[in-house]
Amino acid sequence: FMVDDGQRIIPLLECGVKHGIGGQDLPRILESVYAHHEREASRPEPVIAVKPGPVLEIYALGRPVVQMDGESVQWPLLRSRDLLYCLLQQRTGMTKEQIGTVFWPDHSPERLEMAFRSTLYRLRRVLSGEVVVFEDGLYSFERATNYWYDVEEFDGLLDRVIHAPALGETVELLDKGLALYRGDYMEGTGLEWVEAERERLRRRYLFAMESLAQQYADRRNLQRAIELYQQLVLQDPQREAAYRGLMRCYLRLGDRAAAIRHYQACVEILREELGLSPSDETEDLYLQIIG
């Protein structure tokens with residue numbers, strides 16, 4: 001006890017020894033205090049284990065799914081889930097009134113206040129934390145949260161393609177981006193605010209698929225290019241560039257009959273669905289095939 005407490009009064013003990021106070025006992029105590037102090041100083045600093053917060057995984061490409069630490073979140077109120085996705089989409093934040101216009105356009109101010117508070121409370125309770133913050137009159141998703149969001153990952157990968165220094169890296173980024181696209185944004189959700197984002201992401205997805213098919217064609221991996229062009233035609237039957245890609249691939253493989261079949265399919269779909277004829281570029285390619 002004296003040795004442990006002596007750590008705090010070493011100068012006082014040294015003064016006592018200097019003046020001969022305590023006979024032989026005080027020097028022995030001070031020596032023990034010194035030894036104890038050296039042992040404590042040589043010990044490594046204790047490592048304090050900080051338990052990380054739950055990992056939030058948010059999927060919006062395809063049917064919306066939220067997982068926390070690998071377990072799917074069960075939503076007692078789907079409106080709370082939709083509020084989460086809406087705030088994720090609106091990065092600059094939203095006022096309570098803007099949120100009310102999206103979710104409860106016909107509510108009176110009193111009913112809006114009650115519905116909003118209830119929905120926000122349930123969202124925070126289900127996800128066990130302050131995933132929604134309020135600052136300067138705006139509600140927004142707390143991006144300091146330990147989370148992963150497939151839309152942000154998808155956009156990030158495709159954005160990096162622009163600055164990719166090598167062809168191989170471009171192909172890898174496009175492959176990873178396409179693999180994330182399980183389906184259209186918020187599939188199965190008919191909310192009005194979803195439509196614009198759904199269309200934006202779908203355009204990016206189709207453009208990425210077309211770019212990747214072209215990359216494989218340029219690298220002479222024609223079978224993989226054909227697979228991608230065929231997927232593209234299924235996803236967007238009016239995409240004339242995809243038919244041209246197929247025609248070129250089959251021409252390079254020496255299969256003129258297959259190339260002509262895809263030209264004819266292009267002509268038919270454009271005439272039936274759009275009332276249009278193929279572009280000059282497509283017609284010139286066809287003449288090259290049959291010539």
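Helices α9 (residues 194-218) and α10 (residues 222-235) pack together at an angle of about 155°, with 7 Å between their axes. This is a predicted model, where local features need pLDDT of at least 70, side-chain atom pairs count only at pLDDT 80 or more, and totals for chains, interfaces and linings use all residues. Residues are numbered from 1 along each chain as its sequence is written, and side-chain values use heavy atoms, leaving out hydrogens and water. Helices (H or I, at least four residues) and strands (E, at least two) are DSSP runs, numbered from the N terminus.

**The α9/α10 pair**

- At that angle, α9 and α10 are roughly antiparallel to each other (angles over 145 degrees count as such).
- Axes here are lines fitted to C-alpha atoms, for helices over the stretch in contact, and angles run from 0 to 180 degrees between N-to-C directions.
- On the α9 side, the residues that meet α10 include Tyr205, Leu206 and Met209; among their counterparts in α10 are Leu228, Tyr229 and Leu232. Contact means heavy atoms within 4.5 Å.

**The sheet**

- Four strands make up an open sheet with mixed pairing, in the order β3-β2-β1-β6. Two strands pair if DSSP finds at least two bridges between them.
- β3 (71-72) and β6 (147-149) sit at the edges with a single partner strand each, so one side of each has no neighbour in the sheet.
- Helix α7 (residues 150-161) packs on the sheet, touching β1 (56-59) and β6, and its direction makes about 65° with that of β6.
- β2 (residues 65-68) pairs with β3 in the antiparallel sense over 2 bridges, and Gln67 stands opposite Ser72 in β3.
- β1 and β2 also run antiparallel, joined by 4 bridges; here Glu57 stands opposite Gln67 in β2.
- Those two strands, β1 and β2, form a hairpin with 5 residues between them, and Gly62 in the turn has a positive phi of about 105°.
- β1 and β6 pair in the parallel sense over 3 bridges, with Ile58 opposite Tyr149 in β6.

**Helix α4**

- Helix α4 (residues 78-89) has 12 residues and spans 17 Å from its first C-alpha to its last, close to the 16 Å expected at 1.5 Å a residue (that is, 1.5 Å times one less than the number of residues).
- 9 of the 12 residues of α4 are buried, so the helix is largely enclosed by the rest of the structure. Buried means under 20% relative accessible area (1.4 Å probe, protein chains only).
- Among the buried residues of α4 are Arg81, Asp82, Tyr85 and Cys86.

Definitions and conventions. Buried means under 20% relative accessible area, exposed over 50%, partly exposed in between (1.4 Å probe, protein chains only). Angles under 35 degrees count as roughly parallel, over 145 as roughly antiparallel, 65 to 115 as roughly perpendicular and the rest as oblique.
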